[in-house]
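The sequence and structure come first, and the notes follow.

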Amino acid sequence: MTQTTYDLLKNIADLLQNVALLVALTVGLQLLTRRFERHAVRYQLFKGLLFGIVGVVGMMTPMHFAPGVIYDGRSIVLSLAGLFGGGTTALIAGLLCAAYRLYLGGPGALAGVLVIAEAAALGTLLHYLRRRNERWASLPALWAFGLLVHAIMMLLQLLIPDSVGYDVFRQVGPIVLVLYPVGFLLAAQVFLEGERKREN
């Protein structure tokens, strides 16, 4: 096995592990937030806090591409925060994640914070689109949305200086565009199923 093949397989394994962890944590927080559902404001605040904590946990166990350049599933978490929590939830979660990413620093910090902002904003947009038409929560729509969020994420990596962004785009981009939309779709389906059970 060549070093290049080994590095590729290690990157895939690291990203899979991180995405699986975050999807599991995100789905698990549904159970923690149910007791607050009758209190709209507290529910949004608590949900935002939990989504933010899950995003931070993801950044604590990332795939390290280069010093100060990390990849994890926070984009999935923040997209879900916006979609299933709305603007307040996404804002709180996004601020927590952005603060931690800035604390970590490094050349990837700017791109990392912009990814946080775009994932939270697009998730919130989908939240309001879904309120107008439930078709936005169909399987094809959710997969396409996950692909859009992560295509923009990879374009933002080009802001990383010293050609590192181009290396990321070339080496990590294809993996992210395959794994992350699927991870988002699976987690979203669990949330939707939970909503349906509560409505019945």
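How are α3 and α6 oriented to each other? They are oblique to each other, a class left for angles that are not under 35 degrees (roughly parallel), over 145 (roughly antiparallel) or 65 to 115 (roughly perpendicular). The model is predicted, so local features need pLDDT of at least 70 and side-chain atom pairs count only at pLDDT 80 or more, while totals for chains, interfaces and linings use all residues. Residues are numbered from 1 along each chain as its sequence is written, and side-chain values use heavy atoms, with hydrogens and water left out.

**α3 with α6**
- Helix α3 and helix α6 (residues 139–156) pack at about 130°, and their axes are 11 Å apart; axes are lines fitted to C-alpha atoms, for helices over the stretch in contact, and angles run from 0 to 180 degrees between N-to-C directions.
- Helices (H or I, at least four residues) and strands (E, at least two) are DSSP runs, numbered from the N terminus.
- The crossing of α3 and α6 is right-handed, meaning that the near helix is turned clockwise from the far one by less than a right angle.
- Ser75, Ile76, Ser79 and Leu83 of α3 make the contact with Leu142, Phe145, Val149, His150 and Met153 of α6, where contact means heavy atoms within 4.5 Å.
- This contact of α3 with α6 has six nonpolar, three polar and no charged residues; Ala, Val, Leu, Ile, Met, Phe, Trp, Tyr, Cys and Pro count as nonpolar, Asp, Glu, Lys and Arg as charged, and the others, Gly among them, as polar.

**α3 with α4**
- The axes of α3 (residues 74–85) and α4 (residues 87–104) come within 7 Å and cross at roughly 160°, and the two helices are therefore roughly antiparallel.
- α3 and α4 cross in a right-handed sense.
- On the α3 side, Arg74, Leu78, Ala81, Gly82 and Gly85 meet residues of α4 including Gly87, Ala90, Cys97 and Arg101.
- The residues of this contact of α3 with α4 are five nonpolar, five polar and two charged.

**α3 with α5**
- α3 and α5 pack with axes 7 Å apart at an angle of about 30°, and are therefore roughly parallel.
- Their crossing, too, is right-handed.
- Among the α3 residues that meet α5 are Arg74, Leu78, Leu83 and Phe84, and their α5 partners include Gly112, Ile116, Leu126 and Arg130.
- By class, the contact of α3 with α5 has eight nonpolar, eight polar and two charged residues.

- The largest cavity has a volume of about 100 Å³, taken as the space filled by probe spheres set on the points, which are joined across faces, edges and corners.
- Of its 13 lining residues, Ile70, Tyr71, Arg74, Gly112 and Gln157 are the closest to the centre.
- Two or more lining residues come from each of β2 (69–71), α3 and α5 (109–132), with β2 giving the largest share, three residues.
- The lining of the largest cavity has six nonpolar, four polar and three charged residues.

Note on methods:
1 Å grid on protein atoms, 1.4 Å probe; cavity = no way out; pocket = protein on both sides within 12 Å on 5 of 7 lines; lining within 4 Å.
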